[in-house]
Every structure is written in structure tokens, then in C-alpha cells.
2 protein chains.
Amino acid sequence: MTEYKLALVGFGGVNRALAQLIAERNDRWKTELGFTLKIVGVTDLFLGSVMGREGLDAALLAKLPTTKGAFAQWPGGNAEALNEAVIKESGADIIAEATFTNPVDGEPATSFCRWALEGGKHVVTTNKGPIALHGAELKALARRNNVAFEYEGSVMSGTPVIRVAKQSLAGSAMTGFEGILNGTSNFVLTCMENGLGFAEAVGKAQALGYAEADPTADVEGHDVRLKVVILANELLDAKLKVSDVSCKGISSIDLGDIEKARQDGARWKLIGAASRHANGSISASVEPRLLSHDHPLAGVSGATNAVSFTSELLGAVTVSGPGAGRTETAFALLSDIIAIHQSAARDQE
Amino acid sequence: MTEYKLALVGFGGVNRALAQLIAERNDRWKTELGFTLKIVGVTDLFLGSVMGREGLDAALLAKLPTTKGAFAQWPGGNAEALNEAVIKESGADIIAEATFTNPVDGEPATSFCRWALEGGKHVVTTNKGPIALHGAELKALARRNNVAFEYEGSVMSGTPVIRVAKQSLAGSAMTGFEGILNGTSNFVLTCMENGLGFAEAVGKAQALGYAEADPTADVEGHDVRLKVVILANELLDAKLKVSDVSCKGISSIDLGDIEKARQDGARWKLIGAASRHANGSISASVEPRLLSHDHPLAGVSGATNAVSFTSELLGAVTVSGPGAGRTETAFALLSDIIAIHQSAARDQE
């Protein structure tokens, strides 16, 4: 039986949900997946950090109070986030990185990933920053150190997108994709179709916990732009920087536009898209698009996300599912670990 | 460079499309996929058969006249379908089986699969019969002979469904699925929403080549029932026989039902579904269901297919795409070969 030693970097909702899953399901995974997970370190800028080579109690971790420096109350714990020590010295095989996305330079998450990969540890992450901004460098670093760098959760949380496209659609000759990649903006547009004004709809999204206090990144398309960069570079072998992707959000859409679309049998959606042209160049954009009702993404409402891949051999294949959620995103980390395990198991056959 | 030797069993639209893809794309696959394909045998009950260990010209094969016994005109060819010889003696590594689905006993395709697997050859197939009726036996036979038995194309043609669920959704604790798994019946329902009566809609589907001269298997749910058996046994570890799945088609739905649904903000869809109950038992059915407009399958119109997987960790994840088509189904065979190649490549690392 394989046991992977895991260090959790960032202990907000996602890694806490992962700890909860480990507490509830480790036994079941032994049979179903062929491995178990042991948490040997946790670090969080707000909560502090703890290490424990013999394994930390996942159920207790999941219940840790969300107070500043809470790990100081844990035996052997520390009010400070000893990030470097937890990543480098906890004895972890795999680092689960789930800190906040920094769209400017990807820090500090990118450094966390570098430390782990340089130290010969696999990295699984849900963070868009390191991949969108430093993906090529980190992938090369992982290859040089013969470890995995997996980030299924960086796009559409646990809904499988990157792995579906790279594995199940290999050979289909993919030419592009279009996606509804931000749940908040899609929820706002759905509310507007039900008669709420833009500001009211954003307020409702905030009240329901979908939108941040500052909703700019969601409604102006900045979040989607990072995801477009990740998908285009991964699936179309593009070499896009964030600034290569044109970006327009939904804040200029008003109820008149929504009603006009309805009369025309269409709907406004915030679409992140990229396509490969005949000359091999790639163009990518984020913008509101008017979709007719028979478009595969037109029926994707509320906080659901979806991406439609276009290929020479299949036409459009669409995957839709949750685009956020703590447990859903924790599943993305689990699915990355499963991929690491399957690859390792095959190497040993 | 790996070269797989391929024998094509059944040379209707699907394997002909595969030959065409090989003719057009073998060079490209060398770089992109790490292998090439060489056709060493073809057999078809109507066209006859041919073998050629040095490789048959794929482009010429794709253009073979569709006249009875056409292979008699091919150098070394035969007007008779020497199925057993082509499967056992052509030197093939992989048998691509794409004959007709026999819903009663799965023959002759099941025998073709047995011959191949017993002879240590991988099998890729688009045929529902062998898997739905003899899946457990054939899978065990493949394991004993250390070869692969792959059948992604048996459900939703090239749209990845089985592999997505087994690989990308592993660990999600799947509890069930609902699918629109027959393009003809979905097309008929869509036509009825546009005002055509049932008989007229079936006629239109026939005129467009979607429906067979005898549309019974499509509109009465028999085709969907086979797919439900395949998916339930594969994804929910059920041990269903075809007769375990209740089956009701769409022929009893009239325009009044369609209109009433519209007034209620809902749509009729022919749904194939299975779910695991708390006591571990599995129930499965094919029946028309009234879906509200926010159901993930409600927006799937025309000949598109879709399946929505429900799991404990992700809720609903839906995959939609083509459910038929020659090239699309040939891609399913290619994707099975890619899976075989990836598995073999890892074994050799």
C-alpha cells in the first residue's frame, strides 16, 4: 500500500476540505484508489504552521479555529507561517498549494511551487497565478526534477477540463475552445435575465458568497483571462502571456441589452476563448458574446461553468460542472494526486 | 517509433473513416502521438476481405467501391469475408471491430472479439453488443491474455465518456448518471417541439440519415438500454443484464404532451439513467422524463448526446458532444488505440 505524505500550503476552505476528505475517506481510498494520504505539515499566512512526520490528525485539522495564529495552540505548532520549512523539511512527497491567486506576479505561490519542485516534491495546486504567469518555467523545473506539477483545479475547480482535453481528446486535433469560466459573472448575467440590474445582481452574488467584496476580477474578466492563458498554453501549445489576451468584462451590459438579446432568441455570456488559425498563430480573448440558443454554452446558467472544445475530428465537445466550491476544488487536488499515483504505479510495473 | 498493425473487421462507414484518417494523418501522429498505424487486413461480410502483412494502402481502401464482393478486385483479395483468418492470421496487433450491433446475442461481433483476445490481440470496438451482453466475460478474457479491450465508441461515438468517468472522475464517488444517449430520438423530440407530429419527425430523421428504415430501436429506447447497461456496469460496478433495465420509448408522446411541457417551463427527453442506492443496489431505466429548463440535459437539442454524472464530491458534471458520425466514431477507435499506446509506453519505461 502506497502512502503519500502531504504538506498543505494555504489552509483556507480548499485545503481544509481536503483534510476533511482525508479524515472521512482514507480507508475507502485504500481499496478504491490504491493509496492513502498522510498530512505531515500545514502552513497558512493567517493561521500559522505545524509539522508532524508521524502524521497530523486530519479530522482535528479540519476543525481548527479560523483565528489568527491558531496553530500556536496545536502541540508543536507555531503562530507563524513557516512556509519554507513546511515545504522543504516536513518530509512531504507532495505539496498541495492552495493559497490566493496573485494575478500580478503569482507570488508567494510561485516561490512555494519552486521550492517544492527544486526539492524533488510533486506539486498539486488550484492556484491560477503560478501557471498563468510562470507555467513554462515551472513545468520545465518539474521535468528536470522528475516530479509532477499538476493543476487541474486552476480551471473550473474539480470539473475535469485540462485532463479531459489532454488525455481523452488527444488525437482529435483541437483547434480552439470557448468557455464560461467564471461563475460569478455568469450568475450576474443569469440574474439580469431575471430582471435584476447589474449592481443589484452583483449585490446578490456577494450576499450568496459567490462574489468578493471587490468583484472587479470576476466581472471585468481578469479571472477568466488567467484561465484562458492556462488552457491555451496547455491545450493549443500556445505561448501566451496574460497581456496577449484581450479582455472586456460584463459591466457595460445593461438590462436593455439583455432584453434585446432575449427578443432575438439569444443570450449574453462572458466567454473566454482561444483558437488556432490556419497559419498556426493563436488568438485569445475574453469578452461578452451573444450566443444563439442552440450554442452549446447558451444553456449554462447560474454559477455553473463550462468549456466547449472544438476539434477537427469531433466538432464541439462540451464539459460543464461546478466552477467553484471548497469540496469540489479539494477534489481537483485529489484528482491530481490520483494522476501522480497512476503514473508512478505504471512506472513501477 | 512504434507501428501498430491493425486489422479492420467490418468495413462500413466507421472503419472506412478510420482508413481515411490513417491515410491523411499517419505522419502527423508520428510526432503528436508517438505511433503510426499500418492496416494489415480488412474483412467485411458484404465486401469480402484482404490481407497484406506489408501494409495495405489506406487511401485506396477508403475509396473501395461499396459493391458486393468488392475485395475480389483487390490484388490478393477475396469476395468472401474470411473473418477468422483476418483476425487470427493477418499479423495484426490490434483488431478494430466495427460491425453491426446485434442486440440479441451480440454475434458475430462477440466471436470476433473472443478470437482476437484469445490470440493475444488488443481489441478496440464501437459495437454495443459484445460489451452490453458479454462484457464481463470479454474483460476477463482480455486480462488473462494481457491485452486491452477498449470500447469508448460504444457510447456517444467519439465523445469521451467512459474514459472521462473512469480516469478523470476517479475518486469522486460516483452515485449515478443520466444521459441523452440516442441522437435520433432526441432529434425527433426537438422536431416535435418545433411543431412536427411524431410520425413526421421520424420521417424527417430518416430523410436526414439519422434514423434507420426501422426506427424501433431508436425511438423505443432499445439502443439506449444497451448503453445504460454498458455505463452502469463500467462506472457503477453494477452487474446488470439488459433485461434488468426497464425500458419505455418516446412513441407515446404526442404534441399535446410537448406543448403542456412547454407551458410548464419543461421539456421531454428520453433519458437513460442508473443510480446506486444507499444499500448498494443499482437501479437503471430508460424512459421519457420531463426536465425543467435548469436541468443540465434540458438544453441538449437535436442529434447531440450528453451524459450527466452525479458524484458525492462534484455534484453533476456533464459531457456533451456528437453521438454518431463516421469520423467521430472512428476517432473513438483512435482514442482507444492511444490509450493502449500510453499504457504500453508506461509499461516499458
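Trainee: What does the UniProt annotation "domain: Homoserine dehydrogenase catalytic" cover in chain A?

Mentor: According to the unreviewed UniProt entry, residues 160-338 of chain A. The model itself is predicted. Over that stretch, the chain is 38% helix and 26% strand. Its end C-alpha atoms lie 13 Å apart.

Trainee: How is chain A divided into domains?

Mentor: Domain 1 takes 2-158 + 327-347, and domain 2 takes 162-322. Those bounds come from an automatic or database domain assignment. The centres of the two domains, taken over C-alpha atoms, are 28 Å apart. Each side of the contact is then counted: 18 residues from domain 1 of chain A and 18 residues from domain 2 of chain A.

Trainee: What area do domain 1 of chain A and domain 2 of chain A bury between them?

Mentor: About 1,400 Å², with 65% of it on carbon and sulfur atoms. That figure is accessible area lost on putting the two parts together, summed over both.

Trainee: Why is the A:Asp223 and A:Lys128 pair called a salt bridge?

Mentor: The cut-off is 4 Å, from a Lys or Arg side-chain nitrogen to an Asp or Glu carboxyl oxygen. Here the N to O value is 3.2 Å. The partners are a Lys and an Asp, so the pair qualifies. Across the interface of domain 1 of chain A and domain 2 of chain A, the rule finds four salt bridges.

Trainee: Why is strand β12 of chain A called largely enclosed?

Mentor: Buried means under 20% relative accessible area. Six of the eight residues of β12(A), residues 315-322, are buried, so the rest of the structure largely encloses this strand. Strand β11(A) gets the label on its own count: six of its eight residues are buried, so it too is largely enclosed.

Trainee: What makes β11(A) and β12(A) a pair?

Mentor: Pairing needs at least two bridges. Eight bridges join β11(A), residues 304-311, to β12(A), and the strands run antiparallel. Among the partners, A:Val307 bridges to A:Val319, and A:Thr310 to A:Ala316. Three residues lie between the strands, which form a hairpin.

Trainee: Which strand joins β11(A) through six bridges?

Mentor: Strand β7 of chain A, residues 174-180, also antiparallel. One of the bridges links A:Glu178 with A:Ser308.

Trainee: How do you know that β12(A) pairs with β12 of chain B?

Mentor: Set the count against the rule. Three antiparallel bridges join β12(A) to β12(B), and at least two are needed, so the strands pair. In β12(B), B:Ser320 is the bridge partner of A:Thr318.

Definitions and conventions:
Residues are numbered from 1 along each chain as its sequence is written. Chains are lettered from A and ligands numbered from 1 in the order in which they are written. This is a predicted model: local features need pLDDT of at least 70, side-chain atom pairs count only at pLDDT 80 or more; totals for chains, interfaces and linings use all residues. Side-chain values use heavy atoms; hydrogens and water are left out. Buried means under 20% relative accessible area, exposed over 50%, partly exposed in between (1.4 Å probe, protein chains only). Helices (H or I, at least four residues) and strands (E, at least two) are DSSP runs, numbered from the N terminus. UniProt positions are given in the numbering used here, feature names are shortened, and annotations may be inferred rather than shown by experiment. Contact means heavy atoms within 4.5 Å. Buried area is the accessible area (1.4 Å probe) that two parts lose on being put together, summed over both.
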